[in-house]
Amino acid sequence: MGEEPKKNVESENKEIVEKNDSVDVSSKPWDEARVVVFLIGICLLIEGLLIFYQAGSSQTLVASVTGLGGVVMMLMAWLLPFDDVLDEIEEIEESGDKTEKQIDSETSSLKIEQNKALEIQKGKDVISPHKEQEVESEKKNFEDKEQKTSSVEEVKKEEPELTWFQRLTNGLEKTRSGFIGKLKKLVFGKTKIDADLLDEIEETLFEADVGVKTTEEVLKNLNKKVEEEEIKDPKLIYEDLRNQLRNKLAKYTESPRMNPNGLTVFIIIGVNGVGKTTTIAKLANKYKKDGKKVILAAGDTFRAAAIDQIGIWGERAGVEVIRGQEGGDPGALVFDAIHAAKKREADLLIIDTAGRMHVKANLMAELNKVMKIVQKESDGGPHEIFLVLDATTGQNAVQQAKQFNEIIPITGLIVTKLDGTAKGGVLFAVEEELNAPVKFIGVGEKMDDLMPFEPEKFLEALFADETDKKKESDYNVVK
């Protein structure tokens with residue numbers, strides 16, 4: 001039944017192969033690879049001749065092998081068939097294979113139908129023993145999968161989800177065990193208050209990156225209280241330090257400013273590597289969940305692939321991204337983004353900027369230009385200028401903040417990667433240096449791990465004991 005189509009396919013293949021054999025491949029224009037192989041062959045041939053000419057009969061073997069290799073490569077470049085001929089032959093062979101498969105499948109399906117007809121006539125529905133075993137094994141695998149899935153779901157139900165305060169406490173574990181743990185061990189391990197104890201407290205505060213200004217002020221107040229109240233118990237020093245640090249953080253508390261009458265504009269600045277782009281995505285996610293329409297502007301046209309990066313994060317957050325060409329004018333992009341956000345009736349526009357190093361004056365001037373465009377084109381903007389800082393960089397983050405603040409007035413700080421450092425005291429240092437509040441903190445890599453900064457809850461988590469981890473909290477975080 002299938003002999004005639006097979007014969008036709010074989011005859012067609014034979015005709016095209018004969019046709020391709022007759023093609024003079026050397027008459028076709030050579031591609032770059034073929035020319036390179038031919039030139040290498042010429043070079044090897046010349047090299048073989050030079051070896052024989054310079055070394056004489058003593059290097060005849062080396063010269064012969066080198067020259068022969070050159071001749072072989074030249075012949076390969078001249079005689080090997082072109083790719084398009086090979087591709088055509090492969091396509092024909094594949095089409096032939098497909099035709100043969102179709103014929104075989106038609107034949108097999110016809111046989112199956114004939115067998116079924118015979119079985120129906122006999123009044124039997126025959127299933128082979130092998131087929132029955134396959135069906136039974138599939139059923140068993142399916143039942144096993146259902147049991148595993150149900151067991152996993154039961155485990156998930158048994159494990160309660162952590163509260164946001166517990167996640168904050170877990171995120172500050174390194175700082176708590178490093179900075180606070182050392183401070184607690186130092187104070188509670190003494191029986192009296194003396195100059196050595198105060199010196200060790202000062203050293204601990206410096207090591208935690210609390211900063212010179214904050215440390216000096218804390219020690220000054222501590223000495224004054226010890227003298228005036230004649231404190232003898234070192235445990236009272238621990239409580240006083242906790243209260244002083246709380247007052248330091250609460251000194252600059254301020255919520256993010258929003259424009260009640262129209263578009264709110266945030267400018268996000270910071271050097272490369274601090275988590276600026278991911279922070280922008282987390283901010284967009286936070287305000288989108290609050291019911292606001294958010295648009296991102298890919299103003300970092302300086303760094304390669306930065307536009308694509310913020311585009312990916314924008315898709316994850318589910319917000320629109322206004323982008324331009326790499327190496328383009330960021331000022332022009334910001335101008336277009338503001339007008340596009342107004343046209344789309346957006347509530348919030350978050351502008352990314354280049355991760356400019358604080359020592360590059362030309363990039364800082366460009367940042368100042370973006371600032372002026374936002375002031376001119378938006379209604380009272382920028383409403384927030386957030387500087388993103390990496391907590392793991394310590395005092396380097398303080399220096400970055402000071403340099404940025406000289407060019408553009410920073411209104412708020414976002415401190416990221418607090419879960420990755422034992423020196424969380426940098427929050428105190430940057431607030432004192434800039435007189436600007438920390439408005440958001442990052443304690444993880446997930447989209448919801450960016451939370452509004454509340455000093456009281458932060459200190460509660462920072463000074464928490466193991467028993468405090470079981471307590472519930474109303475800590476208000478990004479959801």
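Which backbone nitrogen does the side chain of Thr264 reach? The side chain of Thr264 reaches that of Asn259, at 2.8 Å. The views below come from a predicted model, in which local features need pLDDT of at least 70, side-chain atom pairs count only at pLDDT 80 or more, and totals for chains, interfaces and linings use all residues. Residues are numbered from 1 along each chain as its sequence is written, and side-chain values use heavy atoms, with hydrogens and water left out.

View A. Not counting residues up to four places away in sequence, Thr264 touches Arg257, Met258, Asn259, Asp347, Leu348, Leu349 and His383 (heavy atoms within 4.5 Å).

View B. A salt bridge is a side-chain nitrogen of Lys or Arg within 4 Å of a carboxyl oxygen of Asp or Glu, and the structure holds 15 of them. In one, the side chains of Glu217 and Lys248 meet at 2.6 Å, N to O. Glu217 is partly exposed at 31% relative accessibility, whereas Lys248 is buried at 8%. In another, the side chains of Lys225 and Asp240 meet at 3.2 Å, N to O. Lys225 counts as partly exposed, at 27%, and Asp240 as buried, at 10%.

**View C. The salt bridge between Lys439 and Glu254.** The closest N and O atoms of the two residues are 3.8 Å apart. Lys439 lies in strand β7 (residues 438–442) and Glu254 in the loop between α10 and β1, so the pair ties together parts 185 residues apart in sequence. Salt bridges that share partners join Glu254, Arg257, Glu384 and Lys439 into one network. Lys439 is buried, with a relative accessible area of 2%, while Glu254 is partly exposed at 37%.

**View D. Leu68 in helix α3.** Helix α3 covers residues 60–79. Leu68 is exposed, with a relative accessible area of 55%.

Definitions and conventions
A polar contact is a pair of N or O atoms within 3.5 Å; within protein, one must be able to donate a hydrogen and the other to accept it, and residues adjacent in sequence count only if both atoms are side-chain atoms. Helices (H or I, at least four residues) and strands (E, at least two) are DSSP runs, numbered from the N terminus. Buried means under 20% relative accessible area, exposed over 50%, partly exposed in between (1.4 Å probe, protein chains only).
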